Amino acid sequence: MIMVTMMMMTVTRADSINYGEALRKSILFFEGQRSGKLPPSQRMKWRKDSALSDGSDIHINMVGGYYDAGDNVKFHFPMAFTTTMLAWSVVEFGDLMGSELKNALDAIRWGSDYFMKATKFPDLVVAQVGDANADHACSERPEDMDTPRTSYFLTKEKPGSELAAEIAAALAASSIAFRATDASYSNIILNRAIQVFDFANKYRGSYNNSVGAAACPFYCDYNSYMDDLTWGAAWLYKATKKTSYWDFVKSNIEKVGVDPYQFGWDAKTAGINVLVSQASFCSYSASADLFIPDADKLMCSLLPNSPKYVTYSKGGLLFKNGPSNLQSVTALSFLLIVYARFMDHAKKTIPCGQETVDSKRLISIAKTQADYILGNNPLGMSYMVGYGRKYPQKIHHRGSVLPSLDSHPQHLGCRDGDSYFKSEKPNLNVLTGAVVGGPANDDSFQDSRFNVSQSEPATYINAPFVGVLAYFNRPTIPATVV
């Protein structure tokens, strides 16, 4: 390794960044998060079948899907966003994924197949499986869990527009991702996306009220559901080119009431502006002012000399307020690259105060963030498990912490896993590819299962990073300076 000085901080730089390896592992991670009956093609062998009776309480087969993070609940709001972002990664960068495209599509289908089950019946959307409070009170691997697998659902009388709209977005985005390889499946899930969006829009209300304490405070909607409805309409416009969806986006973008500088499972405005900027510029130039100025402002806000909306650590990592900071880093890095490609196509630059910013500058910022995550940081720590010489060993993740069924076939009850969590030894199973919450804003990192914000991985951290890594995996990425 070599040492470089950056932003007044000594940074340990990895010998080289292997984006192809990181891409492969970032996709493999999703196999470690699978719930349900695992296929013969399962590559993360220490994981086994789990939650094979999900949905039985409401007589709907809800076997499958993803566990969101280190616990065993299937929260559909972040799961849908994860699926949307995996699909967007393929839509934008699938041609750069090489042999990993198939694995990326498999990861998307694991989510889209599950959401087809969740939306099988008209005017009913399954919103969550698993009693979160009971689950979080136990330390059980998913293969053993015996906490209540309660199914929560939305109806006309108990709506949840944000959740249903995000599922519609996930299915619409997935339909585009599969269009070239499985046209029949693409059409089927697109038709379901239309149906689910209609339900979300017609029966408006927040799932905070319908699902309530089952999802909160874990994944409450802290914003209006209008950003999610507009996000869903934007994806349906991209998938169908129907002007009714475009009209919905145009008429509602200024009503969403959500911070335009945030992007993640809860806040969609920044993503909407980036997603539709190319369409508004190319096809509906009169509407460009509804989206492009705010997308430009987002890009300007991410510059290291724009402290109003983000800060940067001395080691160079972008920070937004909130826990698990790398979820913001990967999502915003994804938007930087997508918008930079649009700028290239439009031959566009952005005035940011006294500075004129071109696409190369945005790519430079995104690359610095990706490289930091993969080891170019003051600690020389890769925040992707299983990548590099040094990475987190004690992540907050039950399946990784507790012994696998192969090594310990006996049942582990609710509190039987406590001793493993309290151990100072590394986790028994390597959750390859998992990106954890990441370091503090002074670039320090506590490799502890009890520091959940820093050590817990999540599907929605990895999903946009798949696209980021695919982009940087292309040939000849020059060295850049932020």
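1. Helices H8 and H9. In this predicted model, helix H8 covers residues 226-240 and helix H9 covers residues 243-252. Their axes come within 8 Å. They cross at roughly 150°. The crossing of H8 past H9 is left-handed. From H8, the contact takes in Met226, Leu229, Thr230, Ala233, Ala234, Leu236, Tyr237 and Thr240. From H9, Tyr245, Trp246, Phe248, Val249 and Asn252 take part. By class, this contact holds 10 nonpolar and three polar residues, with no charged residues.

2. Helices H2 and H3. Look next at H2 (residues 76-93) and H3 (residues 100-118). Their axes come within 9 Å and cross at roughly 145°. This crossing, too, is left-handed. H2 brings His76, Met79, Ala80, Thr83, Leu86, Ala87 and Val90 to the contact. On the H3 side, the residues they meet include Leu101, Ala104, Leu105, Ile108, Tyr114 and Phe115. Gly111 and Ser112 of H3 are also among them. The class count for H2 with H3 is 13 nonpolar, four polar and no charged residues.

3. Strands S4 and S5. S4 spans residues 124-129, and S5 spans residues 151-155. The two strands pair in the antiparallel sense, over five bridges. In one of these, valine 129 has serine 151 of S5 as its bridge partner. Is S5 enclosed or open? Four of its five residues are buried, so the strand is largely enclosed by the rest of the structure.

4. The disulfides as a set. How many disulfides does the structure hold? There are three. Such a link is a covalent bond between the sulfur atoms of two cysteines. With the bonded cysteines numbered in sequence order, the pairing reads 1-6, 2-3, 4-5.

5. Cysteine 138 with cysteine 414. The sulfur atoms of this disulfide are 2.0 Å apart. The link is left-handed, with -95° about the S-S bond. Cysteine 138 sits in the loop between helix H4 (132-136) and S5, while cysteine 414 sits in the loop between helix H14 (398-401) and helix H15 (418-422), so the pair ties together parts that are 276 residues apart in sequence. Are the two cysteines buried or partly exposed? Cysteine 138 is buried, at a relative accessible area of 9%. Cysteine 414 counts as partly exposed, at 28% relative accessibility.

6. Cysteine 216 with cysteine 220. These two cysteines form a disulfide with sulfur atoms 2.1 Å apart. Cysteine 216 has 19% relative accessibility. The cut-off for buried is under 20%, and cysteine 216 counts as buried. Cysteine 220 is buried too, with a relative accessible area of 8%.

7. Cysteine 300 with cysteine 352. Here the S to S distance is 1.9 Å. The angle about the S-S bond is -75°, and the link is left-handed. Cysteine 300 counts as buried, at 13% relative accessibility. Cysteine 352 is also buried, with a relative accessible area of 12%.

Note on methods
Residues numbered from 1 in each chain as written. Predicted model: local features only at pLDDT ≥ 70, side-chain atom pairs only at ≥ 80, totals over all residues. Heavy atoms only, no water. Axes fitted to C-alpha atoms, helices over the stretch in contact; angles between N-to-C directions. Left-handed = near helix turned anticlockwise from the far one by under 90°. Contact = heavy atoms within 4.5 Å. Nonpolar A, V, L, I, M, F, W, Y, C, P; charged D, E, K, R; others polar. Buried < 20%, exposed > 50% of the residue type's maximum accessible area, 1.4 Å probe, protein only. Pairing = 2+ DSSP bridges. Disulfide = S-S within 2.5 Å.
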